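Keep the sequence and the structure in view while reading.

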Amino acid sequence: FEPLQWRTDSIQDESELHRRLVDLLPGADVFLALPDRVAFNPRTAQNVLLTTYRYRVPVIAFSPGYVQAGALAAVYSTPRQIGAQTAVLLDRLVRGASAGTIQTPGEFSVAINVQVARSLGLTPLPENEVHERLKAQEGSR
């Protein structure tokens with residue numbers, strides 16, 4: 001595998017989004033959507049998904065809603081998963097332990113849009129297989 005090359009851009013206003021997407025997408029292998037209320041919200045979701053689809057660039061998103069709307073996949077934590085992790089942290093604090101540093105979610109879920117994968121010419125893997133591979137990779141850090 002070749003190392004990933006990141007291309008990033010930022011916007012200050014929703015009106016800049018389409019132009020920035022058109023600048024970034026040519027030659028891109030994947031578009032990673034990060035939670036940002038200016039770039040990704042109910043008013044911009046359709047624009048992002050349609051534009052990336054036209055360029056045949058799969059979107060990896062941060063919620064199952066984006067997968068239902070047309071993203072290829074999402075890695076996200078459910079409220080139950082976050083709640084369970086919070087309970088463990090609170091239990092540690094009550095027992096006098098330190099909260100430590102900023103924590104990333106310990107548990108997560110994976111959603112894959114099989115139809116989008118096939119329409120992009122990709123062979124979708126089962127969600128549980130992707131989840132297990134990501135967990136294994138996370139554990140090797």
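This is a predicted model: local features need pLDDT of at least 70, side-chain atom pairs count only at pLDDT 80 or more; totals for chains, interfaces and linings use all residues.

Residues are numbered from 1 along each chain as its sequence is written, and side-chain values use heavy atoms, with hydrogens and water left out.

Q: Which residues does Val59 contact, leaving aside neighbours within four places in sequence?
A: Contact means heavy atoms within 4.5 Å. Val59 is among the residues with the most contacts inside the largest core. Its partners beyond those neighbours are Phe31, Ala33, Leu49, Thr52, Ala71, Leu72 and Ala73.

Q: How many residues are in the second, separate core?
A: This core includes Val110, Ile112, Val116 and Leu120. Its residue count is eight.

Q: How many residues apart in sequence are the parts that Arg20 and Asp9 tie together?
A: A salt bridge is a side-chain nitrogen of Lys or Arg within 4 Å of a carboxyl oxygen of Asp or Glu. Arg20 and Asp9 form one, with their closest N and O atoms 2.6 Å apart. Arg20 lies in helix H1 and Asp9 in the segment before H1, so the tied parts are separated by 11 residues.

Q: Which residues make up the salt-bridge network with Arg20?
A: The structure holds six salt bridges. Asp9, a member of the network, is partly exposed at 39% relative accessibility. The linked residues are Asp9, Glu16 and Arg20.

Q: What is the relative accessible area of Arg43, which pairs with Glu14?
A: Glu14 and Arg43 meet in a salt bridge at 2.6 Å, N to O. Glu14 sits in the segment before H1 and Arg43 in the loop between strand E1 (31–32) and H2, 29 residues apart. Glu14 is partly exposed at 26%. Arg43 is exposed, at 63%.

Q: How do the residues lining the largest cavity divide by class?
A: On a 1 Å grid over the protein atoms alone, a cavity is a set of points where a 1.4 Å probe fits but cannot get out, and lining residues have an atom within 4 Å of a point. About 50 Å³ of space lies in the largest cavity, and its lining includes Leu49, Val59, Val116 and Leu120. Ala, Val, Leu, Ile, Met, Phe, Trp, Tyr, Cys and Pro count as nonpolar, Asp, Glu, Lys and Arg as charged, and the others, Gly among them, as polar. The division is eight nonpolar, two polar and no charged.

Q: Which element supplies the largest share of the lining of the largest pocket?
A: A pocket is an open set of grid points with protein on both sides within 12 Å along at least five of seven lines. The largest has a volume of about 2,100 Å³. Among its 47 lining residues, Trp6, Val30, Phe31, Leu32 and Ile60 are the closest to its centre. The largest share, five residues, comes from H6.

Methods: A nonpolar core is a set of buried Ala, Val, Leu, Ile, Met, Phe, Trp, Tyr and Cys residues joined through side-chain atoms within 4.5 Å. Buried means under 20% relative accessible area, exposed over 50%, partly exposed in between (1.4 Å probe, protein chains only). Helices (H or I, at least four residues) and strands (E, at least two) are DSSP runs, numbered from the N terminus. Grid points are joined across faces, edges and corners, and a volume is the space filled by probe spheres set on the points.
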